[in-house]
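Work through the exercises below with the model open beside you. Try each task before you read its solution.

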Amino acid sequence: MPETAQPKAVILDSHEVRRAMTRIAHEIIERNKGAEGLALIGVHTRGIPLAARLAAKLSELEGVDVPTGSLDITLYRDDLSEVARQPIIRETEVPFDLAQRRVILVDDVLFTGRTVRAALDALIDIGRPTGIQLAVLVDRGHRELPIRADYVGKNLPTAQDEVVKVKLQETDGTDSVELWDRPALDREVGMDRESRAEGAGEGA
Amino acid sequence: MTAAGIGGRPRHLLDFQDWAPERLSALLDGADTMLNVLSRPVKKVPALQGLTVCTAFFENSTRTKVSFELAARRMSADVVSFAAGASSVSKGESLRDTVETLTAYQMDAYIVRHSASGAAHLVARYSGKPVINAGDGRRAHPTQALLDAYTIRQEYGDLKGKKVAIIGDVLHSRVARSNAELLPKLGAEVTLCGPATLLPLELGQMPGVTLITDPREAVRGAHAVMALRLQQERMQGGYLASMQDYVNTYQVNEALLAEAEDGAIVLHPGPMNRDLEISGDVADGERSRILKQVSNGQAVRMSVLYHLLVGRD
């Protein structure tokens, strides 16, 4: 009988995830001198609930309803000509005008920076915001592009072959950030590398 | 190797034989995203950058060609048009030779229209690259059927249990054949209707397909009614007694549509003969989704290109 695989470390538990998001909300307000004129856009998959949480916090703290949207960056990926498995295209919904707004792009994990690069291109094709800022729950390093986050829930130094797994109530039934050894996670989820990068909240 | 690759993703879109219902639904879901792309200020995504798509049209069709070319360009593919009239096909080069010549240019996909049934299959055999059938003889026109399905789905949310009546020259229509193949796979019921001379019996053998000569009976309870283009030259073929006879019985007009479901929509694959197979007021009226079909067609073809060209699985 194979034993159930365990994460190497639990980096954030549900309380810590909540506190990190609250802190980010405060930083957003501070930096933008309130929440007027902002918009929150979550990157599929786990950026979307995180954006919704930030919107709820901003409404609670500032009494401002910040419009939220979702962004699927599949059609903007720079590796589409190389991927083995065809990525499923999901919905992009930005039901408001980006012009005259500062957009806060929200994702769970910042890793290589390639997802953010794609998201920036996608956003600019949708409209012309007055500015774009980036908020992430975890920055795990290993950037391949000159991109940095404006708001970071947790800076987490990692080895290249480790996996940062973000779980959220809305998508996974619980809130946590875990650090895994790649082989251990492979056993647990039973997926190959590439498909996991698609679906397990690993970020890129 | 069969046409279906690992994971059941077919390599070509020649007809729907290799396409499982889930794959077809995924294709239509993809078109939702593409329609969203088409609504943006920048109606273009970089997904197919670096790929070259060849449209090889051995039969005239301005509309379908424009739709495919735009779809490919909006996905950032380069497009090369191979027009048969201007090429050596008119000098007697065989289709196989033509395709082998084109492959030397390292195209990444072919979009083929030809007056001979099976031409796209032949190209698929020799090209070594994905082929999209843009109409082969009387056999199939799968992207037209997909855009019809998409337009109906857009209206009703789902095709399950929806009744679709297709009226007119079924015999010569690849659009009718492809719809008869596709719509039942997605859970809809298809009724093919026309004069007996234009209603091939073998189509009645297809699952989910009924043949009816009485148009009133055919549209009864229909959620969507499709009028097929009636080619004037059919008169000479002895298929029809008189054009007026046909119009009186089979024209899709308000009187006929009174038998359909309330809110039933009207489709036409274009180009229309106004006041022949469809009345002008219906074509321009509230039920008509004919212009929507055109914009949906572009989105559906973008989704088809994505599904055939991205990923090695």
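Residues are numbered from 1 along each chain as its sequence is written, while chains are lettered from A and ligands numbered from 1 in the order in which they are written.

**Exercise 1. Confidence**

Task: find the mean pLDDT of chain A and of chain B, then locate the stretches where pLDDT stays under 50.

Solution. 
- Start with the term: pLDDT is the predictor's confidence in each residue, from 0 to 100.
- Chain A has a mean of 91, and 88% of its residues reach 70 or more.
- Chain B has a mean of 92, with 95% of its residues at 70 or more.
- In chain A, pLDDT stays under 50 over residues 191–200. The model has 12 contacts beyond four places in sequence for this stretch. Two residues are in contact if their C-beta atoms, placed from the backbone, lie within 7 Å.
- In chain B, residues 1–6 stay under 50, and they have 9 contacts beyond four places in sequence.
- Where pLDDT is low, the predicted coordinates should not be read in detail.
- For the model as a whole, read off ipTM 0.85 and pTM 0.91.

**Exercise 2. Annotated spans of chain A**

Task: describe residues 11–170 and residues 103–115 of chain A.

Solution. 
- UniProt, in an unreviewed entry, lists residues 11–170 of chain A as "domain: Phosphoribosyltransferase". UniProt positions are given in the numbering used here, feature names are shortened, and annotations may be inferred rather than shown by experiment.
- That span is 31% helix and 26% strand, and its end C-alpha atoms lie 19 Å apart. Helices (H or I, at least four residues) and strands (E, at least two) are DSSP runs, numbered from the N terminus.
- The UniProt annotation "short sequence motif: PRPP-binding", also from an unreviewed entry, covers residues 103–115 of chain A.
- Here the chain is 15% helix and 62% strand, with end C-alpha atoms 16 Å apart.

**Exercise 3. Helix packing in chain B**

Task: how do H5(B) and H6(B) pack, and how do H1(B) and H11(B) cross?

Solution. 
- Two packed helices are described by the angle between their axes and the distance between the axes. Axes are lines fitted to C-alpha atoms, for helices over the stretch in contact, and angles run from 0 to 180 degrees between N-to-C directions.
- Helix H5 (residues 142–156) and helix H6 (residues 174–185) of chain B pack at about 55 degrees, with axes 8 Å apart.
- H5(B) and H6(B) are therefore oblique to each other. Angles under 35 degrees count as roughly parallel, over 145 as roughly antiparallel, 65 to 115 as roughly perpendicular and the rest as oblique.
- Residues in this contact include B:Leu146 of H5(B) and B:Leu182 of H6(B).
- By class, the contact of H5(B) with H6(B) has 7 nonpolar, 3 polar and 1 charged residues. Ala, Val, Leu, Ile, Met, Phe, Trp, Tyr, Cys and Pro count as nonpolar, Asp, Glu, Lys and Arg as charged, and the others, Gly among them, as polar.
- Now take H1(B) and helix H11 (residues 290–309) of chain B: their axes come within 8 Å and cross at roughly 120 degrees.
- That makes H1(B) oblique to H11(B).
- Among the residues in contact are B:Met34 of H1(B) and B:Met302 of H11(B).
- The classes are 10 nonpolar, 5 polar and no charged residues.

**Exercise 4. Where the chains meet**

Task: count the residues in contact between chain B and chain A.

Solution. 
- 17 residues of chain B are in contact with 14 residues of chain A.
- On the chain B side, helix H1 (residues 21–38) gives the most, with 4 residues.
- That side divides into 7 nonpolar, 5 polar and 5 charged residues.

Technical notes
This is a predicted model: local features need pLDDT of at least 70, side-chain atom pairs count only at pLDDT 80 or more; totals for chains, interfaces and linings use all residues.
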